[in-house]
Amino acid sequence: MLLNRSVWFVVLLAMAGLYGIFAFDIFRDETSSVTDRKLRIELDEFLLFASALILLLFSYGLNQHRARGRERDRRIAAERSARDLGYHDALTGMPNRRAFDEALGKLTPSGLHAVLMLDLNGFKAINDTHGHGAGDALLRVVADRIAGAVREGDTAARLGGDEFAVITPGLANPEIARVIAGRLAESIARPVFVEGRTLHVGTGIGIALSRAEKLGPEELTRRADLALYAAKRSEGVPWRVYGPELEA
């Protein structure tokens, strides 16, 4: 419809006002006859009607403006919510793989960056023994611990299952990546209390560093995965830094 109900209401109200002006003499003029008063619109009555009509139109326009503003705000909020859902893991609220991949793509070519890939040890046994509810609760606790162990400006993400990843851009030296890995391993290894049970998991962490080679996102994640597999096969230190020897 070209005119909505609000517009029709204003038009009908204006028509009613015109009819009232012709039908009644609001401001009586004793010098005029009844016939004269019914045949012409007196200036004072016209001004009153025009003022009322302007006020009505202004009020209508203001309401329309506010309604469009509310609709715009709702649309922006809905778009933001949909975008957030597309970039965050539904279970833990962490950034998901899509957000992780985009963060990797935004790393500057220069500088020292690190990618840390994490995989939980003992998670499958907890899922099988205590059920998926306990496993999900454990993952949420682990996600919070990972987020609390990284630096401001780092990206911590859940890639799926019990796999997590961290991007640490702009490192002053490689040792910082090892310090972060140690902090992550220590935090995750603390007991987790879920549904009256005390659960224990560990983690393996693979670290890939981007230095003068200016590695792309795919190569960084590949090297971090290789280092993760090496860390899970070894005993002692739960993390491993990628080196050429891992390609063998």
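Contact denotes heavy atoms within 4.5 Å. The model is predicted, with local features requiring pLDDT of at least 70 and side-chain atom pairs pLDDT 80 or more, while totals for chains, interfaces and linings use all residues. Residues are numbered from 1 along each chain as its sequence is written, and side-chain values use heavy atoms, without hydrogens and water.

**View 1. Surroundings of leucine 116.** Beyond its neighbours within four places in sequence, leucine 116 is in contact with residues including Phe164, Val166, Ile180, Leu184 and Ile207. Leu116 is also among the residues with the most contacts inside the largest nonpolar core, which has 35 residues. Such a core is a set of buried (under 20% relative accessible area, 1.4 Å probe, protein chains only) Ala, Val, Leu, Ile, Met, Phe, Trp, Tyr and Cys residues joined through side-chain atoms within 4.5 Å. Helix 6 gives the largest share of this core, eight residues. Helices (H or I, at least four residues) and strands (E, at least two) are DSSP runs numbered from the N terminus.

View 2. Strand 1 and strand 3 pair antiparallel over six bridges, and alanine 114 stands opposite threonine 168 in strand 3.

**View 3. The hairpin of strand 2 and strand 3.** Five bridges join these antiparallel strands, and glycine 160 stands opposite glutamate 163. Two residues lie between the strands, and glycine 161 takes a positive phi near 60°. Strand 2 (residues 155-160) is largely enclosed by the rest of the structure, because five of its six residues are buried.

Notes
Buried means under 20% relative accessible area, exposed over 50%, partly exposed in between (1.4 Å probe, protein chains only). Two strands pair if DSSP finds at least two bridges between them.
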